[in-house]
Every structure is written in structure tokens, then in C-alpha cells.
Amino acid sequence: MMRALVPAKIGQAWVLLDAEIIREILGAEVWLPIPGARAEMPGVIAWRGRAIPVVDLAAPFGVGRLNTGETRSRTLIATVAESIVAVPVDAAREVHAFTTTELRPVSVTTLPYALAEAELFERILAVIDLPRFVSEILGGGAPDLGREGIVIHAAAG
Amino acid sequence: MQPRAEAAASRAPLLTISAACGTWGIPSSAVASVEQPGTDAASAPLSLLTLLGVAAPVAPAELARVLVLRVGGERLALLVHGALTLVETTAADLLPLPAAVQSLTPLLSHVAVVDGKPALFVVSPERLLQAARGAHAPSPSHDSARGSSC
């Protein structure tokens, strides 16, 4: 049994995200700040004729949050909890497949929302539970957006 | 080439207000007039930013205007501060806000895309009217918890 994960960099931290929920990897995207929004969901972007929320993993990670007018070089488009969200990251690499034995319980990394750990790039990376993070932000108010097929485009950081 | 009638039908021009806290749009079809604020404090119109829950820095009085909206046969006067501009958009440029964002900003209905980028939020005149009714109704106190500074 293999699990496909996308390495993504936020600040100085590399993490792994489930590839099956990533629909696209875009470049830097201009986003519109939501007045009074929390740092975890600071704005919206336009994607395929719809507005989708931007969720910022840097906020729970305690690294440099997205400030108004700032962008990150890559934007992951993810389908989570029947919603589509944009996750700005500083870099993203090609999908890596891990066996279940390569995924170990969290013991080295200290990031919140870590589900497991795996070794890549000669370091230990946390596998982040993006669906849980997004569910907590959206608070159950998930819009009924389409459930189209997942298309993952190869991307380099 | 798009037929003229079809093009006219898809037009959705916005009156935009560029304030220190950001830019907001109101469908221009709902704007009956733009007026100078009066001097009678007792009949002062509600502030748009107050209704939106945005705490803005004090703006120069010369930037103040009163937008008079016509919503479903009712008249709503709003005090705004900032540069007013008419922006030509089409219905396709107005993207409905996702529910997660709507819950945070109930008076906003759409994001307007200008030059391919999300440029401003569109305020719903109907929801503004409802909020204004609530603001005029007797209430124990202002809901300052929803306020946010920019």
C-alpha cells in the first residue's frame, strides 16, 4: 500500500500533504484580504470562475503569516471537506510515494496538525492533516462546491 | 461577436469606494444618487464601514459622500469616505463568495475580478438594507465584537 504525498515548504519548514486532495499547483496568486479575517483564512482568490478561500498553514505553524499584498511562489488548490481552498506555499516538489512502513508516528517534528512523519530530502518531514486544519477553520460552513476529478499537475519548487 | 443586447444584459457596473481600509463595490443599478453630507447630525446617515463592521481611521470630511440607494422600493442613505469610481464589470466578473467567507462577512456577496485578479468585495444592497433596519431598531448596544480594524 502506497501513499502519495506532496512535499511543500512553508517558511523554512518542509511538510508533506496528501496528494489525493491536491487538484492543482499554481504559481503565485493574487489574493484579496477579507476584512477582519483570522490569520488562518486571510482572503480569497479567483480560481476557475469562482472565489475560494485562502488558508494559511503558516499561521498555526507560527512562521511568517501572509500579510496583505504578499504572495508565496506556489499555490496549492485542494479539495477538503467538500470545499476547495487555496494554500499558498513557498515551494512544492513532485509527488513522492511512501509505503506504510515509511510513515512513522510523530516523534521528531513539532508542527501542529502532524499525522505522521516520513524521511525525505535527508530529513524528517511531518505529514500534515490539511483536512482537519481546514475543517476547523471553516467550522462546518463548507460550501457545496463541485466534486470534480482530481488532477495533479507536476510542479517544481 | 457578442450581440449588443446580450452584452448589455451581462453588464454589471459597480460604484466603488476606495477607502483607507480597502475598496468596496456596490452595484451601480442600486445607487439612486450621490450627495454631499448634510450638517444635521440628528439625521446623519449610517456609515457603510460601520455596517460592515470595519473600524476605520478617521477620514477627512471632504472625502465624505452620501450614497442614496434604492433597494426594493426603499431608500437607504449611507455615509462613505473615499474616492468614488464607476467600474465596468460583467456578471462573469462577479464571483459569489464561498459560504465560509460569507459567514464572516454577511453583507458581502461577491468578489469582483478586474484584469483577471480579485480586486474588491461587492456589498449586497439588499443585505445592507436589512442591516440598516437592524441598526435603526432599538437595541441594547452596538455589536462591537464584530468590528475589525484595518
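Select strand 11 (residues 114-120) and strand 12 (residues 123-128) of chain A, where a hairpin with 2 residues between the strands places A:Phe121 at a positive phi near 55°. This is a predicted model, in which local features need pLDDT of at least 70, side-chain atom pairs count only at pLDDT 80 or more, and totals for chains, interfaces and linings use all residues. Residues are numbered from 1 along each chain as its sequence is written, chains are lettered from A and ligands numbered from 1 in the order in which they are written, and side-chain values use heavy atoms, with hydrogens and water left out.

**The hairpin in chain A**

Strands of a sheet pair through backbone hydrogen bonds, either parallel or antiparallel. Color A:Ala116 and you will find A:Val127 of strand 12 opposite. Then go to A:Phe121, in the loop between strand 11 and strand 12 of chain A, which counts as partly exposed because its relative accessibility is 32%; buried means under 20% relative accessible area, exposed over 50%, and partly exposed in between, with a 1.4 Å probe and protein chains only. Most residues other than glycine have a negative phi.

Now select B:Asp115, a residue other than glycine whose phi is positive, near 55°. B:Asp115 lies in the loop between strand 10 and strand 11 of chain B, and is exposed, with a relative accessible area of 75%.

**A buried arginine in chain A**

Return to chain A and select A:Arg72, in the loop between helix 1 (58-61) and strand 7 (74-80). Is A:Arg72 buried or exposed? A:Arg72 is buried, with a relative accessible area of 7%. Show its surroundings, and among the residues that A:Arg72 touches beyond four places in sequence are A:Glu29, A:Asp56, A:Arg65, A:Val89 and A:Asp90, where contact means heavy atoms within 4.5 Å. A:Val89 is 17 residues from A:Arg72 in sequence, yet their C-alpha atoms are 5.5 Å apart in space.

**The sheets of chain B**

Chain B has 4 helices and 12 strands. Select its open sheet of 6 strands, which has mixed pairing and the order 8-1-2-11-10-9. Strand 8 (83-87) and strand 9 (94-96) stand at the edges, each with a single partner strand, so one side of each is left without a neighbour in the sheet. The twist averages 35° from one strand to the next, where axes are lines fitted to C-alpha atoms, for helices over the stretch in contact, and angles run from 0 to 180 degrees between N-to-C directions. Within this sheet, strand 1 (residues 14-19) and strand 2 (residues 22-27) run antiparallel and are joined by 6 bridges, with B:Ala19 opposite B:Gly22.

Strand 3 runs antiparallel to strand 6, to which 4 bridges join it, and B:Ser33 stands opposite B:Val68 of strand 6.

**The cores**

Which residues touch the most other members of the largest nonpolar core? Select B:Ile26, B:Leu52, B:Leu69, B:Phe121 and B:Leu128, which do so among its 34 residues; a nonpolar core is a set of buried Ala, Val, Leu, Ile, Met, Phe, Trp, Tyr and Cys residues joined through side-chain atoms within 4.5 Å. The elements that give two or more residues to this core include strand 6 (64-71), strand 7 (74-81) and helix 4 (125-136) of chain B, but the largest share, 4 residues, comes from helix 2 of chain B. Apart from this core lies another, of 30 residues, among them A:Leu57, A:Ala58, A:Val85 and A:Ala92. Finally, center on B:Phe121, whose contacts beyond four places in sequence include A:Leu32, A:Ile34 and A:Val44 as well as B:Trp24 and B:Leu108.

Note on methods: Two strands pair if DSSP finds at least two bridges between them.
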